[in-house]
Amino acid sequence: MGLVQEVQQTFLALVQSTNVRRVVIPAGAPIAIVSDGAAAANVYPAANLHVTIVAAGVITDPSWFGGVTILTNDLEAAAFADLAIGFGPDGAGIDRAEFAYYNEIAAAAASNLFTIEYPLFPYIRVAGSLRVSGRIRKSSAASAKGITPKVIFYTAIGT
Amino acid sequence: MFQMIARLFTALINSTALRYGTFPTAADGVAAVAITIPAAAVAWTFGAWTQIVAAAGVTVEQQIVGFTLENFVGALSQGEVEIGSGAGGAEAALGRFQSTAGQYLLPSPIRVPAATRLAARYRTATGVADTVDVKLIVLTGF
């Protein structure tokens with residue numbers, strides 16, 4: 001494809017397209033991602049690193065990774081944390097994006113539940129219908145309470 | 001012009017190489033602790049610049065695209081954090097943001113060459129010594 005066509009596609013994708021769609025995964029209830037009891041504070045889980053959000057074969061090929069939404073939790077202690085979103089099987093190079101967030105202590109039950117949205121731009125093109133997964137590390141001690149993120153994708157960019 | 005358009009297209013639409021990360025960060029198995037930045041005990045007076053990442057830690061060109069910060073300990077008040085670059089004692093501000101808590105993505109990223117030390121400083125309206133915890137969100141691979 002020549003540059004003229006590519007620029008034209010860019011224009012169509014960003015300004016004039018009626019084809020671009022935003023989706024979030026998983027389509028149903030979000031998957032809980034918690035810290036690993038074996039991991040120290042601020043350290044990612046050492047084994048079975050990522051929690052699967054959707055299996056391979058689910059997202060459209062290609063898709064454009066456009067961010068995350070995070071629902072915070074009523075933690076036992078205030079914490080600063082990172083969420084990493086990975087694509088493909090566990091292993092080196094899986095992470096495409098890392099988001100820092102914090103989670104304060106709730107003044108009353110459920111009062112600390114709020115959604116943080118990270119809308120990324122530029123998007124990251126994801127070639128192949130890869131597994132999407134996540135993992136967290138946080139400054140407080142490991143616990144069964146983490147976050148329930150959803151991952152934002154765009155489709156039909158460039159058409 | 002040709003290269004600029006080609007790079008823009010690649011960066012915006014076609015690249016699978018873009019990566020979002022955080023500073024400070026760490027390899028698997030190593031703690032990645034947010035940086036605690038002090039405010040002076042005088043209202044609207046910055047505390048000392050505090051290093052977020054050493055120059056050696058910025059191994060490739062980066063774009064600062066956002067940050068997360070939270071004042072876990074201080075009283076509710078107005079505050080400002082300033083992100084800067086440069087050697088210790090010679091920092092220059094890249095941007096000032098009025099906030100003590102939140103996650104922010106910048107509409108215009110701030111480009112940072114490789115081997116650039118990054119730091120931040122903090123001040124509040126209270127006149128009481130205070131701190132804020134900070135991490136930067138950065139983009140590479142463009």
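Two strands pair if DSSP finds at least two bridges between them. Strands themselves are DSSP runs of E with at least two residues, helices are runs of H or I with at least four residues, and both are numbered from the N terminus. With that in hand, look at chain B: strand S5 (residues 79–85) and strand S6 (residues 92–97) pair in the antiparallel sense over 5 bridges. In that pair, Ile83(B) stands opposite Gly95(B). S5(B) and S6(B) form a hairpin with 6 residues between them, and Gly86(B) in the turn has a positive phi of about 125°.

Before I go on, a note on the model. It is a predicted model, in which local features need pLDDT of at least 70 and side-chain atom pairs count only at pLDDT 80 or more, while totals for chains, interfaces and linings use all residues. Residues are numbered from 1 along each chain as its sequence is written, and chains are lettered from A and ligands numbered from 1 in the order in which they are written.

Now chain A. Its secondary structure comes to 1 helix and 8 strands, and along the sequence the pattern reads α-β-β-β-β-β-β-β-β. A residue is buried if 20 or more other C-beta atoms lie within 10 Å of its own, exposed if 12 or fewer, and partly exposed in between, with C-beta atoms placed from the backbone. By that count, 40% of the 159 residues of chain A are buried. Two residues are in contact if their C-beta atoms, placed from the backbone, lie within 7 Å. Among the contacts in chain A with a separation of 6 or more, 83% are between residues 24 or more positions apart.

Next, an open sheet. In chain A, 4 strands form it in the order S1-S8-S3-S6, with antiparallel pairing. Strand S1 (21–25) and strand S6 (115–126) of chain A stand at the edges with a single partner strand each, so one side of each has no neighbour in the sheet. From one strand to the next, the twist averages 20°; for such angles, axes are lines fitted to C-alpha atoms, for helices over the stretch in contact, and angles run from 0 to 180 degrees between N-to-C directions. Strand S3 (residues 63–71) of chain A is joined to S6(A) by 8 bridges, and Thr69(A) stands opposite Glu117(A) there.

Thr72(A) lies in the loop between S3 and S4 of chain A. Is Thr72(A) buried or exposed? Thr72(A) counts as buried because it has 21 C-beta neighbours inside 10 Å.

On to strand S4 of chain A. S4(A) pairs with S5(A) in the antiparallel sense over 8 bridges, and Ala79(A) stands opposite Asn103(A). S4(A) is also joined to strand S7 (residues 132–138) of chain A by 7 bridges, again antiparallel, with Arg135(A) as the bridge partner of Ala84(A).

S4(A) also matters for the next count. A nonpolar core is a set of buried Ala, Val, Leu, Ile, Met, Phe, Trp, Tyr and Cys residues joined through C-beta atoms within 7 Å. The largest one has 62 residues, of which Leu83(A), Ile52(B), Leu118(B) and Val134(B) touch the most other members. Its largest share, 7 residues, comes from S4(A).

Where the chains meet, the contact takes 34 residues from chain A and 31 residues from chain B. The largest share of the chain A side, 8 residues, comes from S6(A).

Last, some backbone details. Most residues other than glycine have a negative phi, and most peptide bonds are trans. The peptide bond from Phe121(A) to Pro122(A) is cis, with omega near 10°, and Pro122(A) is found in strand S6 of chain A. A cis peptide bond also joins Phe23(B) and Pro24(B), with omega about -5°. Ala156(A) has a positive phi of about 65° although it is not a glycine, and with 15 C-beta neighbours inside 10 Å it counts as partly exposed.
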